[in-house]
Amino acid sequence: MSKAAVLFVCLGNICRSPLAEAAFRREASLRGLRVEIDSAGTGDWHVGKPPDPRAQAEALRHGIDISGYRARRVERGDFHRFSHIFALDHVNLADLMAMAPSDGRASLSLLLDLVAGKKGQSVADPYFGDAEAFALTWREVSEAARALADRLALAAAE
Ligand code: 4NP
């Protein structure tokens, strides 16, 4: 199997997908997985910016410093570079499907498809919410990150 490479995609790449990236980096490192990990946004308003301060604060509550992350936009090359692209919500998924080249290697799916009982659901956008909205985002992306790391660890052992 070629090396797994995982990309998390939301709208702005400053709230949900950086938290998904942070949670999955932790899970992958706990299991010693060799996997490339990144996040991106479908929109370009925040390109080059660090994560939203509320997302940074939520990550720090879990001991993870994401202040060095920088937002970027999804690009066509990502569909070749990454084996798995996870959309945080349905709109992100539709946008990804519309821009995917026919010869890309990436499989596209919703992040919460990984979580038992949450298949087909979106990670709600916390941008217009409060700290509790970011805490909920963290819980959801962490659940998905654990499930994904379990799955990749199994695949690596095969
Ligand atoms: P994200 O959140 O997609 O989770 O990074 C948002 C960030 C920015 C905006 C909306 C959602 N915005 O409208 O600028």
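**Helix packing and a ligand site**

Colleague: Hi! At what angle do H2 and H5 cross?

Modeller: Helix H2 (residues 53–61) and helix H5 (residues 131–157) have axes that come within 10 Å and cross at roughly 55 degrees. Helices here are DSSP runs of H or I with at least four residues, numbered from the N terminus. Axes are lines fitted to C-alpha atoms over the stretch in contact, with angles from 0 to 180 degrees between N-to-C directions. This is a predicted model, where local features need pLDDT of at least 70, side-chain atom pairs count only at pLDDT 80 or more, and totals for chains, interfaces and linings use all residues. Residues are numbered from 1 along each chain as its sequence is written, and side-chain values use heavy atoms, leaving out hydrogens and water.

Colleague: What does that make H2 and H5 to each other?

Modeller: They are therefore oblique; under 35 degrees counts as roughly parallel, over 145 as roughly antiparallel, 65 to 115 as roughly perpendicular, and the rest as oblique.

Colleague: And how does H1 pack with H5?

Modeller: Helix H1 (residues 16–30) meets H5 at about 40 degrees, and their axes are 8 Å apart. That makes H1 oblique to H5 too.

Colleague: New topic: which residues surround the ligand?

Modeller: Cys10, Leu11, Gly12, Asn13, Ile14, Cys15, Arg16, His46, Asp125 and Tyr127, where near means a heavy atom within 4 Å.

Colleague: Which side chains have an N or O atom by a ligand oxygen?

Modeller: In Arg16, a side-chain N or O atom is 2.7 Å from a ligand oxygen; for the side chain of His46, the distance is 2.8 Å. A polar contact here is a pair of N or O atoms within 3.5 Å.

Notes. Polar contact = N/O pair within 3.5 Å; in protein donor to acceptor, adjacent residues only side chain to side chain. Helix = DSSP H or I, 4+ residues; strand = E, 2+ residues; numbered from the N terminus.
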